[in-house]
Amino acid sequence: MTDQNTSTTDLTTQPATLASELFAPGVGAQAGPPTTPADSTDVAPGAHSHGGPAPTGSPAERFTSTDPDAFGVPTGREETWRFTPMKRIKPLLDGAASSALLGWTTDLPEGVELVRVDAGDPLIKGLPDPVDRLAALTRQNADGADVVRVAKEAQLDRPVTLGLAGTGSDDVVWGQLVVEVGAFAKATVVLDHTGLARYSGGVSVLVGDGAQVTLVSVQDWAPGAVHGGQYDAVVGRDATFKQVVVTLGGDVVRLVSNVQYTGPGGRADLFGVYFSDETQHQEHRLWVDHAVPNCTSNVLYKGALQGEGARSVWIGDVRIRPAATGTETYELNRNLVLTDGARADSVPNLEIETGEIVSAGHASATGRFDDEQLFYLCSRGIDAETARRLVVRGFFADVVQHIGVDELQDRLMATIDARLGALPGLDEQPVEVA
Amino acid sequence: MSVLEIRDLHVTVGEGDDTKEILRGVDLTVRSGETHAIMGPNGSGKSTLAYSIAGHPKYTITGGTVTLDGEDVLAMSVDERARAGLFLAMQYPVEVPGVSVSNFLRTAATAIKGEAPKLRTWVKDVKTEMAGLEMDSAFAERNVNEGFSGGEKKRHEILQMRLLKPGIAILDETDSGLDVDALRVVSEGVNRSREDSDVGVLLITHYTRILKYIKPDFVHVFVAGKIVDEGGPELAAKLEDEGYAAYVKPAEVAQA
């Protein structure tokens with residue numbers, strides 16, 4: 001990046017500010033940079049990276065293919081797999097074809113159709129390509145797709161809801177969903193995952209020009225469930241895409257969310273919230289590709305972890321290509337580590353290849369309770385335990401309130417409340433005068 | 001009737017070699033119905049006094065006593081102090097994301113009163129007090145202090161004071177960063193509490209400006225961690241004219 005570019009680039013990275021919010025550092029908590037050494041030979045000019053350029057999987061050289069074998073069989077040492085518990089996700093990566101299905105419950109408002117297309121359909125060929133072996137296996141084994149189609153200019157009177165329930169079978173369920181929203185339509189689509197399953201599901205959202213689409217994906221799986229998936233959004237000119245990912249249940253959940261823009265003026269908001277309990281692995285990888293001018297992206301992921309072996313991984317890659325002038329992007333990941341024995345990895349990565357942008361920034365913070373927040377609440381007479389519940393509840397509500405579907409928000413907050421009720425050792429961290 | 005008694009209070013911050021004594025023997029008594037102004041230059045320890053009384057964990061009490069109606073305040077947790085009747089309006093109130101003002105106020109009122117306030121009268125009380133502080137009703141649905149302007153934060157602090165009805169209220173630089181209109185609105189809120197309750201007020205300020213709106217009964221000059229002069233409102237007038245120079249050693253002036 002040239003000096004001139006630097007002067008027009010508003011880098012709002014603020015690790016220092018957020019770091020000041022952290023207390024009791026080093027207690028089971030880790031934030032980026034990652035543990036593998038960075039290869040410093042192929043940094044893109046102007047790259048601003050906390051994660052360090054990766055040997056594979058970095059935005060600049062991302063490989064995609066519909067052929068699973070083109071990716072090879074991952075060992076767990078690859079950049080895209082190094083955080084994933086390979087043994088636990090093996091049933092999916094083995095890739096055995098199956099005809100197992102999830103149980104579907106659908107609520108389709110007027111103006112919405114749900115159809116099945118086969119693998120040869122042009123729609124399938126036009127979807128963004130898989131970015132890893134699991135996604136390629138999924139595309140292959142799903143053998144076609146279920147398509148939710150929202151007519152152009154449709155204004156839905158309620159959300160499209162797809163209840164996807166695991167049946168408890170050991171057979172892997174392969175799924176490919178396409179949400180196709182016509183120009184200037186306004187739609188909310190809720191994917192509500194429950195039950196016990198081994199599930200790998202691709203989700204492609206095609207957002208027509210000027211359309212406003214909200215995709216909500218709730219992972220409220222039963223214990224033991226394994227869920228992988230690649231989510232793609234293709235955002236049209238002047239379109240708005242909002243995604244809210246809520247991961248609460250399951251044994252392993254690994255979701256890869258990608259955003260690309262097909263015309264200027266697009267906006268993508270990616271919200272996520274996760275709550276990892278004892279032994280749960282929750283991994284969210286994001287990749288926003290700014291390749292056209294005047295688009296906006298905003299990422300906010302917040303997670304809490306409690307219990308031995310609770311694990312979360314957040315990778316936030318944003319690339320601003322040379323043509324993407326006028327880009328505005330910000331990403332933030334915050335992790336709240338509630339007990340010892342939990343670990344959060346957080347790796348933001350921003351690559352900027354043009355200085356002609358509005359702003360670009362990211363922040364990541366992982367820590368314990370914010371003592372200043374607790375002091376403030378306690379100074380109003382609220383006991384320390386209630387104050388902690390308020391803070392954690394608020395931490396989640398901050399994201400959940402973006403869903404915009406009241407009944408679902410209430411259900412999710414009730415689930416979170418129940419989980420917090422089981423929080424061990426809450427009384428053992430009193431806020432008192434030294 | 002409340003009496004807050006501070007006797008020979010010594011307070012440090014930091015640990016080990018970084019330990020620094022901030023308060024060096026503070027004596028002060030605040031009774032119900034009285035308004036005390038504590039005035040002093042920056043860095044004199046005024047805010048430390050406020051936060052020490054409220055129980056902020058950053059500060060270590062190394063000597064002296066603080067009692068409220070004879071009860072040992074220093075033995076109480078932060079929330080117990082508030083329930084005993086102490087209130088601190090903070091200079092820099094923190095954001096609490098995802099917690100709405102209305103939820104926060106009701107939770108606090110429930111904690112202070114020991115039972116949930118009746119919904120109908122509570123909503124009316126909140127609306128009335130917000131109107132009195134010239135706050136828009138949409139304010140109640142915002143997250144606590146999140147994106148608040150300086151003036152909104154201070155109004156929100158005084159709103160809490162109005163609703164929680166403390167026995168002793170400590171106002172830490174409530175006037176800082178306020179424009180004239182906001183200063184008037186906030187001061188009128190404090191004065192309403194002085195009129196309709198028996199609250200004792202400890203008003204901590206750097207400037208005499210707020211004392212034009214909130215008339216103190218007593219003025220204390222605070223320098224280098226202790227009270228160095230005391231008097232009535234006339235002392236504030238003298239500080240207005242002469243500043244703190246007469247109380248501060250030359251070296252400390254240079255430092256400030």
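This is a predicted model: local features need pLDDT of at least 70, side-chain atom pairs count only at pLDDT 80 or more; totals for chains, interfaces and linings use all residues.
Residues are numbered from 1 along each chain as its sequence is written, and chains are lettered from A and ligands numbered from 1 in the order written.

**Stop one: the helix pair.** Select residues 371–378 of chain A for α6 and 384–400 of chain A for α7. Helices here are DSSP runs (H or I, at least four residues), and strands are too (E, at least two), numbered from the N terminus. The two helices pack at about 125°, axes 9 Å apart. Axes are lines fitted to C-alpha atoms over the stretch in contact, with angles from 0 to 180 degrees between N-to-C directions.

Now show A:Q373, A:L374, A:L377 and A:C378 on α6(A). Contact means C-beta atoms, placed from the backbone, within 7 Å.

**Stop two: the domains.** Colour domain 1 (3–12 + 25–368) and domain 2 (370–423) of chain A. These bounds come from an automatic or database domain assignment. Between them, 21 residues of domain 1 touch 16 of domain 2.

**Stop three: chain B.** Bring in chain B. The contact takes 27 residues from chain A and 25 from chain B. Return to α7(A): this helix gives the most to chain A's side, with 10 residues.

Definitions and conventions
Two residues are in contact if their C-beta atoms, placed from the backbone, lie within 7 Å.
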